[in-house]
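These are my notebook entries on a single structure, written down in the order in which I looked things up.

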Amino acid sequence: MSWPPPRAAFRREPPRFRALLLLLVALPLWLSGGAPAHAGDLRRVVDVPGEPRSVVWAVQLSDLHFSAFHPDRAADFRRYVGGALAMVNPALVLITGDLTDAKSKDLLSSRQEKVEWIEYENVINDIADRSGLNKEVFYDLRGNHDSYGVPEVGGMLDFYRNHSINARLGRTGMVQSITLQNSGWKYLFVGLDSAMDIGLRSPTNIFGQPTDQLLTDLDAALSQWDNHSISFPITKIAFGHFPISFSALTTSGISIRDVFLKHSLSAYLCGHLHTNFGRNLKRHHISDQHQLSSKQYYQTDIHEDMPTALNIHNCSARTESSAEFWEWEMGDWRSARSMRIVAVDSGYVSYTDINFTFGSRDVIIVPTFPLDSRFMQRSSYPHDSSCQAMSTTHLGTVRTLVFSRQKIESVTAKVYDSRSGGLHLLLEQEMERTSRSGARGDMFTAPWNWRALVDELPDRYWLQIEVMDMSGEIYYSQLRPFSVNGLAAKVSWTWKEFRVMGCQWNQLYYPIMWSTFAFLFSLILIPRTSLTFYEDQFMLNFRSPKTTTRSSSGRLSSVNFDFFAVEISKIYSIWTGMLVYLLYLIFFPWFSGYAVTQNSNKMYLHYKGWSASYFGNTRTVPYLGLPDVMVIVLPHLLFVVLPAYLVIVAIAAERAVYLRRHLSWTAKKHDDHYKRGRNCMKHAWIFHCFRKFLILLCLPIAWKHWKR
């Protein structure tokens, strides 16, 4: 007898019967002695019956940005996503933040628009109806755009609490978890909402702001099945809006990354960054024993400390797996029209990204094994492949899910060898459908001699799946490298990708800011301090041009600094203004503004954040928006203050070079020094041009700064 599709498991039941089911589900969890769920986290456990066995899949969508000024985003979502979900039939649909745009047409201001939220609610209702999925499989989380200008959670401007699926289904907690069960496997999905509880307006609202309570609830949710891990295997996946690189520390200094490493997640699914920064927005995290490791500030590669070469393991000895997890940012619907399908096949987690930029998709191919050696390998896989190969049959088959609107006629697995520099077909194997009629989805497998493909190069062999439907149309999956022995293929970030994924900005903000301040203070204090202690010697250099006639080139450099120190100190009013301005930026507010809503009181911006005094005693911290204010502080310091100070210093330096040259020429010099004087003239001309270049460069930067 075939099992019904999973949507039947979510059919509506009478209220009394649903209450009885909830009691029956909650009773075993209470008896197990697990950690109690925090208020608002329903901790649902759902059976996903039927074939394919030991396989579940979910759909992720992110950064929808439904906007009153861009109706095409919601229209395309309604046009394409409903049909795609009906074809894919996922067990879960995860919408990871930025449900609405909350930005003005010119993008210069931000506020919540109720019309956008009403449109979001209507579109999601329509999508659920067209896909045939129950709304309970949908999970939607807040992003930073969804909290723009929201003074308090649950307040009048918090439209998320009225129009989101989570709110309408009573999921009020900041942590939500659901466990899928199939064929003895448990797949735990945990979502977290780390958006600001007091939503600042753009641009100082770009970081996730987890609290200690949130991380405690997250840890409890991820631990709920730890007492049963011996009885059945568990795969843990978390989802949220903010990447690790854009998540702040809690007040006690704990990060989301610490919690994820503790539980060694399979993957963390997120959004926020969009596709503007690149397509390789993935990062492999692994625990580091050194507390002062550079990884707390940056990571230079997508996956560091991953095995990239063969190694001999002692399979008889138990090896403790490394604490690790993958972070996969998926892009966005706003501009890329992206959708991701995440599949878990016997514990192996993979994903396939598709986009609807050119219309709907008739066939979607999701290879589940072998894994992509660039973005899906874990450090434990080499040991697993070498030590468990004799006791498992999973390595012996190529596996793929195929979703199609029409009947599938044939599926073929193709393996290419790239050792010679090009792709040469090495294996072409017909795949067979292993799932019977009435299954949740079509799984195709093909046996292969995987031992013949063991190689020390993790990207030597490439896999592609070819599918032909009943109309004769042929579809191909994306080519992906694989390594059956579990090695990771090195992939480097571009500069833009490294800037948003590799840099831990919450840790880098203060070092960059204080380094800039230190450099600026040194520009104005060192010359003045030197003049104070060596004033007599400096004045002697001015009054005795013969000093320059008998000096070596090294002595001339010293005289140049003497003249420079005098010149920078002579412009006393400017020097004092420069010093006072730097002190003001450190000890006083930069400006005031409506940080939350136009109708609220003004708040004051410091380098530590927005002053929270407006909220009275309800805040445990004196400032809001740290490190979000770095988007104002660092550009102002690096692109306005620093260039302006350099221009002033360049003017003084150019004047010092002129004075030294003038004293050198007024004295009677021999021919050798005459040539040196002409060289100085050339250098002075270059310095003069550089000074003009700095002035011209500062003008557009200052104009853009004040315009924003």
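I looked up an open sheet of five strands, whose order is 4-3-2-11-12 and whose pairing is mixed; the model I am reading is a predicted one. Strand 4 (138-141) and strand 12 (348-355) stand at the edges, and each has a single partner strand, so one side of each is left without a neighbour in the sheet. From one strand to the next, I find that the twist averages 20°.

Entry on helix 7. I checked burial along helix 7 (residues 256-263) and found that six of its eight residues are buried, so this helix is largely enclosed by the rest of the structure. The buried residues are Ile256, Arg257, Val259, Phe260, Leu261 and His263. For their surroundings I list strand 6 (185-192), helix 6 (212-222), strand 7 (234-239), strand 8 (267-270), strand 9 (282-286) and strand 10 (324-329), against which the buried residues of helix 7 pack. Just after helix 7, I noted that Ser264 takes a positive phi of about 50°.

Entry on aromatic pairs. A search of the whole structure gave me 26 aromatic pairs, and I wrote out two of them. The rings of Tyr461 and Phe482 have centres 6.3 Å apart and planes at 25°, and since planes under 30 degrees apart count as stacked, I record the pair as stacked. Tyr461 belongs to strand 18 (residues 461-469) and Phe482 to strand 20 (residues 480-482), so that the pair links distant parts of the chain, 21 residues apart. Both partners lie inside: Tyr461 is buried, with a relative accessible area of 5%, and Phe482 counts as buried at 1%.

The other pair is Trp514 with Tyr607, whose ring centres are 5.5 Å apart and whose planes stand at 80°, so I record it as edge-to-face. Trp514 lies in helix 10 (residues 505-533), while Tyr607 lies in the loop between strand 22 (603-606) and strand 23 (609-611), so the pair ties together parts that are 93 residues apart in sequence. Here I noted that Trp514 is partly exposed, with a relative accessible area of 36%, whereas Tyr607 counts as buried at 9%.

Entry on a cluster and on charges over rings. I found that Phe66, Phe77, Tyr80, Trp117, Tyr120, Tyr160, Trp333 and Phe356 form one aromatic cluster. Tyr80 also has Arg79 over its face, at 5.6 Å from the ring centre. Elsewhere in my notes, Lys282 lies over the face of Phe375, at 4.9 Å from the ring centre.

Entry on cysteines. How many disulfides does the structure hold? My search returned zero. I looked up the burial of two cysteines as well: Cys270 is buried, with a relative accessible area of 0%, and Cys503 is buried, with a relative accessible area of 7%.

How values were computed:
Residues are numbered from 1 along each chain as its sequence is written. This is a predicted model: local features need pLDDT of at least 70, side-chain atom pairs count only at pLDDT 80 or more; totals for chains, interfaces and linings use all residues. Side-chain values use heavy atoms; hydrogens and water are left out. Rings of Phe, Tyr and Trp (its six-membered ring) pair if their centres lie within 6.5 Å; planes under 30 degrees apart count as stacked, over 60 as edge-to-face and the rest as tilted. Helices (H or I, at least four residues) and strands (E, at least two) are DSSP runs, numbered from the N terminus. Buried means under 20% relative accessible area, exposed over 50%, partly exposed in between (1.4 Å probe, protein chains only). A charge sits over a ring if NZ of Lys or CZ of Arg is within 6 Å of the ring centre and within 35 degrees of the ring normal. Two strands pair if DSSP finds at least two bridges between them. Axes are lines fitted to C-alpha atoms, for helices over the stretch in contact, and angles run from 0 to 180 degrees between N-to-C directions. A disulfide is a pair of cysteine sulfur atoms within 2.5 Å. Contact means heavy atoms within 4.5 Å.
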